[in-house]
Amino acid sequence: MKKAIVIGATSGIGKSIAEILLQNDYTVGVTGRRVEMLQSLKEKNPDKICFCQMDVQDVSAVESICNNLVDQLGGLDLFIISAGIGDENKCLDFSIENNVIKTNVQGFTCLADWGMQYFKKQGHGYLVNISSIAGLIGNGEAPSYNATKAFQINYLEGLRLNADKSGAEIYVTDVRPGFVDTDMAKGDGLFWVASVEKAAQQILAAMQRKKKIVYVTKRWRMIGFLLKIMPYSLLRKL
Ligand SMILES: NC(=O)c1ccc[n+]([C@@H]2O[C@H](COP(=O)([O-])OP(=O)(O)OC[C@H]3O[C@@H](n4cnc5c(N)ncnc54)[C@H](OP(=O)(O)O)[C@@H]3O)[C@@H](O)[C@H]2O)c1
(Lines give C-alpha, C1' and ligand atoms only; values in the text may rest on other atoms or scores of the structure.)
Protein backbone atom coordinates (compact mmCIF):
# COMPACT_ATOMS: atom_id res chain seq x y z
CA MET A 1 0.00 0.00 0.00
CA LYS A 2 1.41 3.42 -0.98
CA LYS A 3 1.73 6.27 1.49
CA ALA A 4 0.74 9.89 0.97
CA ILE A 5 0.51 13.12 2.96
CA VAL A 6 -2.01 15.79 1.95
CA ILE A 7 -1.40 19.22 3.48
CA GLY A 8 -4.67 21.20 3.64
CA ALA A 9 -7.10 18.29 3.53
CA THR A 10 -9.84 19.66 5.78
CA SER A 11 -11.89 20.93 2.83
CA GLY A 12 -12.00 21.57 -0.90
CA ILE A 13 -9.49 20.13 -3.35
CA GLY A 14 -7.18 18.67 -0.69
CA LYS A 15 -10.01 16.79 1.03
CA SER A 16 -11.22 15.41 -2.28
CA ILE A 17 -7.69 14.29 -3.26
CA ALA A 18 -7.31 12.55 0.13
CA GLU A 19 -10.59 10.73 -0.48
CA ILE A 20 -9.66 9.62 -3.99
CA LEU A 21 -6.27 8.38 -2.75
CA LEU A 22 -8.03 6.29 -0.10
CA GLN A 23 -10.12 4.70 -2.88
CA ASN A 24 -6.88 3.96 -4.77
CA ASP A 25 -5.10 1.90 -2.15
CA TYR A 26 -3.16 4.64 -0.36
CA THR A 27 -2.84 5.20 3.34
CA VAL A 28 -3.01 8.94 3.89
CA GLY A 29 -1.76 11.44 6.46
CA VAL A 30 -3.80 14.64 6.48
CA THR A 31 -3.33 18.10 7.98
CA GLY A 32 -5.14 21.40 8.42
CA ARG A 33 -6.04 23.79 11.22
CA ARG A 34 -9.65 22.56 11.67
CA VAL A 35 -9.00 19.46 13.72
CA GLU A 36 -12.69 18.42 13.82
CA MET A 37 -12.61 18.00 10.01
CA LEU A 38 -9.50 15.83 10.30
CA GLN A 39 -11.18 13.73 12.99
CA SER A 40 -14.23 13.24 10.79
CA LEU A 41 -12.05 12.00 7.90
CA LYS A 42 -10.34 9.60 10.31
CA GLU A 43 -13.67 8.29 11.65
CA LYS A 44 -14.76 7.38 8.11
CA ASN A 45 -11.46 5.57 7.37
CA PRO A 46 -10.00 4.58 10.75
CA ASP A 47 -7.37 2.15 9.42
CA LYS A 48 -6.20 4.18 6.44
CA ILE A 49 -5.91 7.73 7.81
CA CYS A 50 -3.70 9.45 10.33
CA PHE A 51 -3.72 13.16 11.01
CA CYS A 52 -1.93 16.06 12.70
CA GLN A 53 -3.20 19.59 13.18
CA MET A 54 -0.94 22.04 11.35
CA ASP A 55 -0.92 25.78 10.70
CA VAL A 56 1.43 26.14 7.72
CA GLN A 57 2.30 29.67 8.85
CA ASP A 58 4.07 28.13 11.85
CA VAL A 59 7.09 27.03 9.86
CA SER A 60 9.00 26.05 13.00
CA ALA A 61 6.59 23.13 13.47
CA VAL A 62 6.52 21.83 9.88
CA GLU A 63 9.44 19.41 10.13
CA SER A 64 8.33 17.69 13.34
CA ILE A 65 4.70 17.38 12.20
CA CYS A 66 5.68 15.94 8.82
CA ASN A 67 8.13 13.52 10.45
CA ASN A 68 5.41 12.48 12.89
CA LEU A 69 3.04 11.70 10.01
CA VAL A 70 5.73 9.73 8.18
CA ASP A 71 6.31 7.67 11.35
CA GLN A 72 2.57 6.99 11.65
CA LEU A 73 2.34 6.03 7.95
CA GLY A 74 5.55 4.00 7.98
CA GLY A 75 7.09 5.85 5.01
CA LEU A 76 6.19 8.32 2.28
CA ASP A 77 5.74 8.06 -1.51
CA LEU A 78 3.62 11.11 -2.31
CA PHE A 79 3.54 14.61 -0.74
CA ILE A 80 0.71 16.90 -1.81
CA ILE A 81 0.42 20.57 -0.78
CA SER A 82 -3.10 21.93 -1.14
CA ALA A 83 -3.14 24.48 1.71
CA GLY A 84 -3.62 27.97 0.37
CA ILE A 85 -5.57 31.19 0.81
CA GLY A 86 -6.44 34.28 -1.18
CA ASP A 87 -8.19 37.54 -0.29
CA GLU A 88 -9.49 40.51 -2.20
CA ASN A 89 -7.44 43.54 -1.21
CA LYS A 90 -8.06 46.47 -3.52
CA CYS A 91 -6.95 48.95 -0.84
CA LEU A 92 -3.61 47.12 -0.47
CA ASP A 93 -3.79 46.55 3.27
CA PHE A 94 -0.38 45.03 4.00
CA SER A 95 -1.66 42.81 6.83
CA ILE A 96 -3.93 41.02 4.33
CA GLU A 97 -1.13 40.65 1.79
CA ASN A 98 1.25 39.45 4.49
CA ASN A 99 -1.18 36.77 5.63
CA VAL A 100 -1.42 35.42 2.07
CA ILE A 101 2.37 35.55 1.66
CA LYS A 102 2.94 33.71 4.96
CA THR A 103 0.68 30.85 3.83
CA ASN A 104 1.25 30.65 0.07
CA VAL A 105 4.94 31.55 0.00
CA GLN A 106 6.55 30.94 3.40
CA GLY A 107 4.44 27.93 4.40
CA PHE A 108 4.51 26.46 0.90
CA THR A 109 8.30 26.84 0.58
CA CYS A 110 8.98 25.30 3.96
CA LEU A 111 6.74 22.33 3.15
CA ALA A 112 8.07 21.83 -0.38
CA ASP A 113 11.67 21.97 0.88
CA TRP A 114 10.89 19.42 3.60
CA GLY A 115 9.32 17.10 1.01
CA MET A 116 12.20 17.42 -1.45
CA GLN A 117 14.82 16.84 1.23
CA TYR A 118 12.97 13.75 2.44
CA PHE A 119 12.69 12.35 -1.10
CA LYS A 120 16.32 13.14 -1.92
CA LYS A 121 17.46 11.18 1.14
CA GLN A 122 15.15 8.34 0.19
CA GLY A 123 16.24 8.44 -3.47
CA HIS A 124 12.70 8.68 -4.85
CA GLY A 125 9.32 10.35 -4.29
CA TYR A 126 6.60 12.51 -5.73
CA LEU A 127 5.80 16.14 -4.86
CA VAL A 128 2.55 17.79 -5.98
CA ASN A 129 1.40 21.36 -5.32
CA ILE A 130 -1.88 23.05 -6.17
CA SER A 131 -0.89 26.43 -7.60
CA SER A 132 -3.39 28.20 -9.88
CA ILE A 133 -3.92 29.51 -13.37
CA ALA A 134 -4.00 32.86 -11.52
CA GLY A 135 -0.22 32.64 -11.22
CA LEU A 136 0.13 33.40 -14.93
CA ILE A 137 -1.10 37.02 -14.69
CA GLY A 138 -1.31 39.91 -12.25
CA ASN A 139 -4.56 40.77 -10.44
CA GLY A 140 -5.48 44.30 -9.36
CA GLU A 141 -8.10 43.10 -6.86
CA ALA A 142 -6.08 40.39 -5.15
CA PRO A 143 -2.45 41.15 -6.03
CA SER A 144 -0.88 38.88 -3.44
CA TYR A 145 -2.92 35.84 -4.49
CA ASN A 146 -1.74 35.87 -8.09
CA ALA A 147 1.79 36.88 -7.14
CA THR A 148 2.14 34.08 -4.59
CA LYS A 149 0.82 31.56 -7.12
CA ALA A 150 3.39 32.86 -9.62
CA PHE A 151 6.05 32.23 -6.96
CA GLN A 152 4.82 28.66 -6.50
CA ILE A 153 4.85 27.98 -10.25
CA ASN A 154 8.40 29.26 -10.57
CA TYR A 155 9.60 27.54 -7.38
CA LEU A 156 8.22 24.19 -8.52
CA GLU A 157 10.16 24.46 -11.75
CA GLY A 158 13.27 25.18 -9.68
CA LEU A 159 12.61 22.12 -7.53
CA ARG A 160 12.15 19.96 -10.63
CA LEU A 161 15.50 21.14 -12.01
CA ASN A 162 17.10 20.62 -8.61
CA ALA A 163 15.72 17.06 -8.44
CA ASP A 164 16.85 16.24 -11.98
CA LYS A 165 20.41 17.20 -11.09
CA SER A 166 20.35 15.23 -7.83
CA GLY A 167 20.08 11.89 -9.61
CA ALA A 168 17.18 10.83 -7.38
CA GLU A 169 13.96 9.61 -8.99
CA ILE A 170 11.76 12.51 -7.90
CA TYR A 171 8.74 13.81 -9.81
CA VAL A 172 7.20 17.26 -9.34
CA THR A 173 3.71 18.13 -10.58
CA ASP A 174 2.37 21.67 -10.71
CA VAL A 175 -1.45 21.57 -10.67
CA ARG A 176 -3.00 24.76 -12.06
CA PRO A 177 -6.75 24.83 -11.49
CA GLY A 178 -9.09 27.32 -13.08
CA PHE A 179 -12.23 27.45 -10.93
CA VAL A 180 -13.16 24.60 -8.58
CA ASP A 181 -16.29 24.60 -6.46
CA THR A 182 -14.83 25.24 -2.97
CA ASP A 183 -15.08 27.93 -0.29
CA MET A 184 -12.23 29.71 -2.02
CA ALA A 185 -14.02 30.14 -5.35
CA LYS A 186 -16.23 33.06 -4.35
CA GLY A 187 -17.66 35.99 -6.26
CA ASP A 188 -19.36 36.72 -9.55
CA GLY A 189 -18.15 36.00 -13.03
CA LEU A 190 -16.98 32.44 -12.36
CA PHE A 191 -17.22 30.03 -15.27
CA TRP A 192 -16.24 26.45 -16.09
CA VAL A 193 -16.44 25.72 -12.35
CA ALA A 194 -15.48 22.07 -11.76
CA SER A 195 -16.71 19.92 -8.89
CA VAL A 196 -14.03 18.92 -6.35
CA GLU A 197 -14.56 15.28 -7.36
CA LYS A 198 -13.84 16.01 -11.02
CA ALA A 199 -10.79 18.09 -10.06
CA ALA A 200 -9.46 15.27 -7.86
CA GLN A 201 -10.02 12.69 -10.62
CA GLN A 202 -8.07 14.77 -13.13
CA ILE A 203 -5.27 15.37 -10.61
CA LEU A 204 -5.04 11.63 -9.93
CA ALA A 205 -4.90 10.88 -13.67
CA ALA A 206 -2.12 13.49 -14.10
CA MET A 207 -0.16 11.95 -11.22
CA GLN A 208 -0.48 8.49 -12.73
CA ARG A 209 1.13 9.93 -15.89
CA LYS A 210 3.68 11.93 -13.84
CA LYS A 211 2.83 15.12 -15.69
CA LYS A 212 4.96 18.18 -14.94
CA ILE A 213 2.11 20.68 -15.31
CA VAL A 214 -1.60 20.01 -15.36
CA TYR A 215 -4.50 22.38 -15.90
CA VAL A 216 -7.70 21.46 -14.05
CA THR A 217 -10.03 21.07 -15.75
CA LYS A 218 -8.27 20.33 -19.03
CA ARG A 219 -9.92 23.13 -20.99
CA TRP A 220 -8.09 25.69 -18.78
CA ARG A 221 -4.89 24.81 -20.62
CA MET A 222 -6.13 26.90 -23.55
CA ILE A 223 -6.90 29.83 -21.22
CA GLY A 224 -3.43 29.45 -19.72
CA PHE A 225 -1.89 29.78 -23.16
CA LEU A 226 -3.96 32.88 -23.96
CA LEU A 227 -3.13 34.53 -20.62
CA LYS A 228 0.58 34.14 -21.25
CA ILE A 229 0.42 35.98 -24.58
CA MET A 230 -2.24 38.53 -23.64
CA PRO A 231 -1.18 42.17 -24.12
CA TYR A 232 -1.54 44.54 -21.15
CA SER A 233 -4.22 46.56 -22.97
CA LEU A 234 -6.48 43.47 -22.90
CA LEU A 235 -5.48 42.39 -19.39
CA ARG A 236 -6.73 45.70 -17.93
CA LYS A 237 -10.20 45.02 -19.35
CA LEU A 238 -10.59 41.68 -17.54
N1 LIG B 1 -11.07 26.61 -5.68
C2 LIG B 1 -10.52 27.17 -6.75
O3 LIG B 1 -11.21 27.65 -7.67
C4 LIG B 1 -9.02 27.20 -6.88
C5 LIG B 1 -8.48 27.62 -8.10
C6 LIG B 1 -7.11 27.65 -8.25
C7 LIG B 1 -6.29 27.24 -7.22
N8 LIG B 1 -6.83 26.84 -6.03
C9 LIG B 1 -5.91 26.44 -4.97
O10 LIG B 1 -6.26 25.20 -4.43
C11 LIG B 1 -5.76 25.10 -3.09
C12 LIG B 1 -6.86 24.53 -2.22
O13 LIG B 1 -7.92 25.47 -2.12
P14 LIG B 1 -9.45 25.06 -2.15
O15 LIG B 1 -10.07 25.68 -3.32
O16 LIG B 1 -9.58 23.60 -1.93
O17 LIG B 1 -10.00 25.90 -0.89
P18 LIG B 1 -10.42 25.50 0.59
O19 LIG B 1 -11.57 24.55 0.57
O20 LIG B 1 -10.55 26.78 1.29
O21 LIG B 1 -9.16 24.67 1.14
C22 LIG B 1 -8.01 25.30 1.61
C23 LIG B 1 -7.26 24.33 2.48
O24 LIG B 1 -6.07 24.99 2.90
C25 LIG B 1 -5.96 24.85 4.30
N26 LIG B 1 -5.27 26.01 4.86
C27 LIG B 1 -5.46 27.32 4.59
N28 LIG B 1 -4.67 28.08 5.36
C29 LIG B 1 -3.96 27.21 6.13
C30 LIG B 1 -2.99 27.37 7.14
N31 LIG B 1 -2.55 28.58 7.55
N32 LIG B 1 -2.48 26.27 7.72
C33 LIG B 1 -2.90 25.05 7.34
N34 LIG B 1 -3.81 24.82 6.40
C35 LIG B 1 -4.33 25.90 5.81
C36 LIG B 1 -7.39 24.77 4.81
O37 LIG B 1 -7.41 24.11 6.05
P38 LIG B 1 -7.78 24.81 7.46
O39 LIG B 1 -8.64 25.99 7.18
O40 LIG B 1 -8.48 23.73 8.22
O41 LIG B 1 -6.47 25.16 8.03
C42 LIG B 1 -8.03 23.91 3.73
O43 LIG B 1 -7.84 22.56 4.00
C44 LIG B 1 -5.32 26.51 -2.71
O45 LIG B 1 -3.91 26.60 -2.76
C46 LIG B 1 -5.93 27.39 -3.79
O47 LIG B 1 -5.16 28.54 -4.02
C48 LIG B 1 -8.17 26.80 -5.84
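The legends below describe close-up views of a predicted model of a protein chain with a ligand.

**Figure 1. Overall dimensions and make-up of the protein chain.** The secondary structure of the protein chain comprises 8 helices and 7 strands, and its C-alpha trace extends over about 55 × 40 × 35 Å along the principal axes. The radius of gyration is 17 Å, which agrees with the value near 18 Å that a compact globule of 238 residues would have. Of these 238 residues, 40% count as buried. When contacts between residues at least 6 apart in sequence are considered, 62% of them join residues at least 24 apart.

**Figure 2. The shell of residues around the ligand.** There are 29 residues around the ligand, and those that come nearest are Gly8, Gly12, Gly32, Arg33 and Gly84. Sorted by class, this shell holds 12 nonpolar, 13 polar and 4 charged residues. Helix 1, which runs over residues 12–23, supplies the largest share of the shell, namely 3 residues.

**Figure 3. The largest nonpolar core and the surroundings of Val6.** In soluble globular proteins, nonpolar side chains tend to be buried together. The largest nonpolar core in this model contains 61 residues, and the residues with the most contacts inside this core are Ile5, Val6, Ile7, Val30, Ile80, Leu127 and Ile203. Helix 4, residues 94–122, gives the most to this core, contributing 6 residues. Once neighbours within four places in sequence are set aside, the contacts of Val6 are with Gly14, Ile17, Ala18, Val28, Val30, Ile80 and Ser82.

**Figure 4. Leu159 and its contacts.** Leu159 belongs to helix 5, which spans residues 143–166, and counts as buried because 21 C-beta neighbours lie inside 10 Å. Apart from neighbours within four places in sequence, Leu159 is in contact with Ala112, Met116, Leu127 and Val172. Although Leu159 and Met116 are 43 residues apart in sequence, their C-alpha atoms are 7.7 Å apart in space.

Figure 5. Trp192, a residue other than glycine, has a positive phi near 50°, and is located in the loop between strand 6 (169–177) and helix 6 (196–208). This residue, Trp192, counts as exposed because it has 11 C-beta neighbours inside 10 Å, the cut-off for this class being 12 or fewer. Lys210 likewise is not a glycine, yet has a positive phi of about 55°; its place is the loop between helix 6 and strand 7. With 10 other C-beta atoms within 10 Å, Lys210 is exposed.

**Figure 6. The cis peptide bond between Val216 and Thr217.** The peptide bond that joins Val216 and Thr217 is cis, with omega about 0°. Thr217 is situated in the loop that lies between strand 7 (213–216) and helix 7 (220–229).

Technical notes
Residues numbered from 1 in each chain as written. Predicted model: local features only at pLDDT ≥ 70, side-chain atom pairs only at ≥ 80, totals over all residues. Near = placed C-beta within 6 Å. Helix = DSSP H or I, 4+ residues; strand = E, 2+ residues; numbered from the N terminus. Nonpolar A, V, L, I, M, F, W, Y, C, P; charged D, E, K, R; others polar. Core = buried A, V, L, I, M, F, W, Y, C linked by C-beta atoms within 7 Å. Buried ≥ 20, exposed ≤ 12 C-beta atoms within 10 Å, placed from the backbone. Contact = placed C-beta atoms within 7 Å. Rg over C-alpha atoms; globule rule 2.2 N^0.38 Å.
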